[in-house]
Amino acid sequence: MAHGIENPKTWTWFDGEWLEGNPPLIGPRSHAFWLGTSVFDGARAFEGVTPDLDLHCARTNRSARAVGLEPTMREEEILEIAKDGLTRFSRDAELYIRPSYWGEVDHPRLAIGADPASTRFALSLWEAPMIPPTGISVTLSRFRRPTIECMPTDAKASCLYPNNARTAREARDKGFDNALVLDMLGNVAELASANVFMVKDGVVMTPVPNGTFLAGITRARTIDLLRKAGTPVVEKSLKYEDFLGADEMFSTGNYTKVMPIVRFENRELEPGPVYRLARRLYWDFAHA
Ligand code: PMP
């Protein structure tokens, strides 16, 4: 079958072997299929570089532990497998790189839990074109990010994503690309699938990590690069109203990297100087 958007060229490492396509690795009796115990991470390859791939591999293991799975791979091993997988594609291929763990067997004594000894690992890479930075539109979601008392927000866990997906669906149905999501206290948390920054009167601000949202690797990298370039970034509690008055907004995440927000509700925004600086610094870092 020809490879395309619906069927991207994909390779998956599982149990020491590289498998092509979409091999059936879990079944109806797999714990993850039934009760959702699975975690993943996502990194990118493009233009021959893989920025922060090591950090994404390391986070996979932290996520696994946070949902009661026992990582079967060392961080360095995950990185080696990812690098080995890259050799199955052209040097400048645009890829998504996704290590994952899941629980295979029900725990013998723990109701509804997975047996940590049954933790399985797979790493997939597939062709996924980089998104041109033409910008996205964003609207407020009526759904919220849970606190850690409600959900394993300290893990990049698959079980968080149906909630994120409904915020994205709601936004799309209103004619927007993405949603601004609040936490339970009404502070801005993040977008459905990325972190968010705003600029007001020259001050760059982003929500302070408070355990409700994924404080992303691209977010941390962007803050660090901006600060080192002499542009302070303030991490603080921010409200929806703060964003309504923003001069600039942009998002960060592994998938689209640094992306301008060009419409917030009914307001058009220009991709501004801080966005442009952040994106350039990120690309320079990626190629360094
Ligand atoms: N928040 C959510 C909900 C995400 O899914 C992602 C991307 N995986 C991010 C933030 C950005 O995180 P990172 O920069 O680590 O990819």
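The structure holds 13 salt bridges. These values come from a predicted model, and several of the pairs are described below in their structural context.

Glutamate 76 is paired with arginine 74, the closest N and O atoms of this salt bridge being 3.0 Å apart. With a relative accessibility of 44%, glutamate 76 counts as partly exposed. A further salt bridge joins arginine 145 to glutamate 190, with 3.1 Å between the closest N and O atoms. This pair links distant parts of the chain, since arginine 145 is in the loop between S7 and H4 and glutamate 190 is in strand S9 (residues 188-191), 45 residues apart. Arginine 145 is buried, its relative accessible area being 4%. Glutamate 190 likewise counts as buried, at 4% relative accessibility.

Aspartate 247 forms a salt bridge with lysine 200, in which the closest N and O atoms are 3.9 Å apart. Aspartate 247 lies in the loop between helix H6 (240-244) and strand S13 (248-253), and lysine 200 lies in strand S10 (residues 195-200), so the pair ties together parts of the chain that are 47 residues apart in sequence. Both partners count as partly exposed, aspartate 247 at 37% relative accessibility and lysine 200 at 32%.

Lysine 156 is buried yet has no salt bridge. The nearest side chain of opposite charge, that of aspartate 41, is 5.7 Å away, and the cut-off for a salt bridge is 4 Å between a side-chain nitrogen of Lys or Arg and a carboxyl oxygen of Asp or Glu. When neighbours within four places in sequence are left aside, lysine 156 is in contact with Val39, Phe40, Asp41 and Gly42, as well as with Arg59, Ser63, Tyr161 and Leu214.

Helix H2 (residues 53-66) packs with helix H3 (residues 75-86) at an angle of about 130°, the axes being 8 Å apart. H2 is therefore oblique to H3. The crossing of these two helices, H2 and H3, is right-handed. On the H2 side, the contact is made by Leu53, Asp54, Cys57, Ala58, Thr60 and Asn61, and on the H3 side by Glu75, Ile78, Leu79 and Ala82.

In the second pair, helix H5 (residues 217-228) and helix H7 (residues 273-287) pack at an angle of about 105°, with a distance of 9 Å between their axes. H5 and H7 are accordingly roughly perpendicular to each other. H5 contributes Thr218, Arg221, Thr222, Leu225 and Leu226 to the contact, while H7 contributes Val274, Leu277, Ala278, Leu281, Tyr282 and Phe285.

Glycine 216 is found in the loop between S11 and H5. Its relative accessibility is 8%, and glycine 216 thus counts as buried. The C-alpha atoms of glycine 216 and glycine 253 are separated by 6.6 Å, although the two residues are 37 residues apart along the chain. Apart from neighbours within four places in sequence, glycine 216 is in contact with Arg59 and Asn195.

Methionine 205 lies in strand S11 (residues 203-207) and counts as buried at 10% relative accessibility. Its contacts, neighbours within four places in sequence again being set aside, are with Phe197, Met198, Lys200, Val234, Lys236 and Leu238. Among these is Lys200, the salt-bridge partner of aspartate 247. Methionine 205 and leucine 123, which are 82 residues apart in sequence, lie 34 Å apart in space, C-alpha to C-alpha.

Positive phi values occur at two non-glycine residues considered here, lysine 257 and glutamate 265. Lysine 257, for which phi is about 60°, is found in strand S14 (residues 257-264). The relative accessible area of lysine 257 is 1%, and the residue is buried. Phi of glutamate 265 is near 55°, and this residue lies in the loop between S14 and strand S15 (267-268). Glutamate 265 is also buried, with a relative accessible area of 15%.

Methods. Residues are numbered from 1 along each chain as its sequence is written. This is a predicted model: local features need pLDDT of at least 70, side-chain atom pairs count only at pLDDT 80 or more; totals for chains, interfaces and linings use all residues. Side-chain values use heavy atoms; hydrogens and water are left out. Buried means under 20% relative accessible area, exposed over 50%, partly exposed in between (1.4 Å probe, protein chains only). Lys and Arg count as positive and Asp and Glu as negative; His and the chain ends are not counted. Contact means heavy atoms within 4.5 Å. Axes are lines fitted to C-alpha atoms, for helices over the stretch in contact, and angles run from 0 to 180 degrees between N-to-C directions. Helices (H or I, at least four residues) and strands (E, at least two) are DSSP runs, numbered from the N terminus. Angles under 35 degrees count as roughly parallel, over 145 as roughly antiparallel, 65 to 115 as roughly perpendicular and the rest as oblique. A crossing is left-handed if the near helix is turned anticlockwise from the far one by less than a right angle, and right-handed if clockwise.
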